[in-house]
Amino acid sequence: MSTYKEIKGLAIQTLASDPSVLYKGQTWYNTTDEKLKVRSLGAAAWSVGGVNPHGGMPSAAAGGISSDAAIVGGGPPSPYAYTVEYNGSAWSEMTSMIIGRTSTSGFGSGTTLMVASGSTTGPGAGNVGNCETFNGSAWSETVNLGTTRYQTTGVGCTANTTGLIVGGSPGYTGKTEEWNGIAWTEKGDAIHGRDMMSRKGPGTVTAALVAAGRGGYPSSPHPQYNAEVEEFNGIAWSEQDNLISACTGPFGFGVVTDGVVGGGYGPPQLTSVEIYNGSTWSSGTAFPGPGISGKTGTGTASNALVNCEATGITGACFEYVKGAATQDVTTS
């Protein structure tokens with residue numbers, strides 16, 4: 001069996017007190033406390049960010065993390081074509097999309113985005129399969145989705161050359177399509193067809209997560225909110241443990257081994273946040289604003305952004321950040 005020194009290239013330090021300079025992953029033995037310690041990420045905290053000039057932009061697409069994010073499209077009162085970028089403190093107006101749309105989703109970073117699907121006139125009408133990509137300065141039309149729909153979920157937060165579009169309506173579909181930068185490929189359908197899951201789903205094209213939403217069963221009537229959770233392995237979907245709270249229209253971000261889903265309509269509008277460790281859900285740091293649904297989140301489980309309205313702060317976004325913390329290593 002490999003030793004710590006063989007893996008990390010150095011031995012575990014033995015110190016009388018904790019180091020004054022720390023870095024994530026650092027491990028040491030404190031002889032005073034008689035404890036083995038590690039520097040890791042602590043509990044998540046929310047903070048109010050900059051004010052979006054276009055307000056909450058509900059049902060919009062998004063990409064990136066809290067220090068480099070973009071929010072695109074959305075509505076009502078009418079489908080937006082707005083593109084706004086966030087640098088960690090303030091929003092800036094960018095070139096608008098070619099086709100304004102609401103009830104849309106996408107994937108990518110703050111400067112490389114894909115937006116696919118949506119509605120040009122409002123939920124349930126004017127549905128489009130049109131897709132557009134953003135290079136940081138301009139939008140261009142690209143290959144359409146194979147299935148025209150709205151109220152979809154996008155997966156991927158690093159680039160517009162790889163990602164998934166999952167689910168949507170009409171018909172509470174489980175359709176899953178993968179983008180490789182050139183074309184869309186249809187993959188295995190989700191087990192429970194539904195719409196109004198999170199605009200962004202935690203994960204990548206080979207390890208994705210979808211949760212909650214409207215619909216969810218092959219028979220009628222379809223519930224207006226549910227707790228169903230599925231994981232995608234790049235080929236097919238499998239059932240996972242349900243959310244603690246059934247809901248529709250939550251926000252989501254992260255990866256399948258460290259995913260976050262929060263807010264949504266339960267009823268009522270929820271502030272609860274749930275954390276997924278790859279197998280089970282637990283309660284996380286609650287959203288600090290009023291209960292929300294239909295708002296967009298994007299990022300990792302340690303650095304994310306949720307764009308929404310807050311009481312008295314129209315268009316404010318909230319940043320979700322995990323700071324570094326020192327933890328004792330135990331056998332439990």
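Phe 232 is buried, at 2% relative accessibility, where buried denotes under 20% relative accessible area, exposed over 50% and partly exposed in between (1.4 Å probe, protein chains only). Trp 237 is likewise buried, with a relative accessible area of 9%. The structure is a predicted model, in which local features need pLDDT of at least 70 and side-chain atom pairs count only at pLDDT 80 or more, while totals for chains, interfaces and linings use all residues. Residues are numbered from 1 along each chain as its sequence is written, and side-chain values use heavy atoms, with hydrogens and water left out.

Across the whole structure, 15 aromatic pairs were found. The ring centres of Phe 232 and Trp 237 lie 4.8 Å apart with the planes at 35°, so this pair is tilted. Rings of Phe, Tyr and Trp (its six-membered ring) are paired if their centres lie within 6.5 Å, planes under 30 degrees apart being stacked, those over 60 edge-to-face and the rest tilted. One aromatic cluster is formed by Trp 46, Phe 251, Phe 253, Phe 287, Phe 318 and Tyr 320.

The protein contains one helix and 30 strands, assigned as DSSP runs (helices H or I, at least four residues; strands E, at least two) and numbered from the N terminus. Of its 332 residues, 50% are buried. Among contacts (heavy atoms within 4.5 Å) between residues at least 6 apart in sequence, 51% join residues at least 24 apart.

Three cavities of 30 Å³ or more were found in the whole structure. A cavity is a set of points, on a 1 Å grid over the protein atoms alone, where a 1.4 Å probe fits but cannot get out; lining residues have an atom within 4 Å of a point. The largest cavity has a volume of about 60 Å³, the volume being the space filled by probe spheres set on the points, which are joined across faces, edges and corners. Its lining comprises Leu 243, Ser 245, Cys 247, Val 261, Gly 262, Gly 263, Leu 270, Ser 272, Val 273 and Glu 274. Strands S25 (258–262) and S26 (273–276) each supply at least two residues of this lining.

Ser 140 belongs to strand S13 (residues 139–142) and is partly exposed, at 36% relative accessibility. Leaving aside neighbours within four places in sequence, Ser 140 contacts Ile 98, Cys 131, Glu 132 and Thr 133. The C-alpha atoms of Ser 140 and Met 114, 26 residues apart along the chain, are separated by 9.9 Å.

Notes
1 Å grid on protein atoms, 1.4 Å probe; cavity = no way out; pocket = protein on both sides within 12 Å on 5 of 7 lines; lining within 4 Å.
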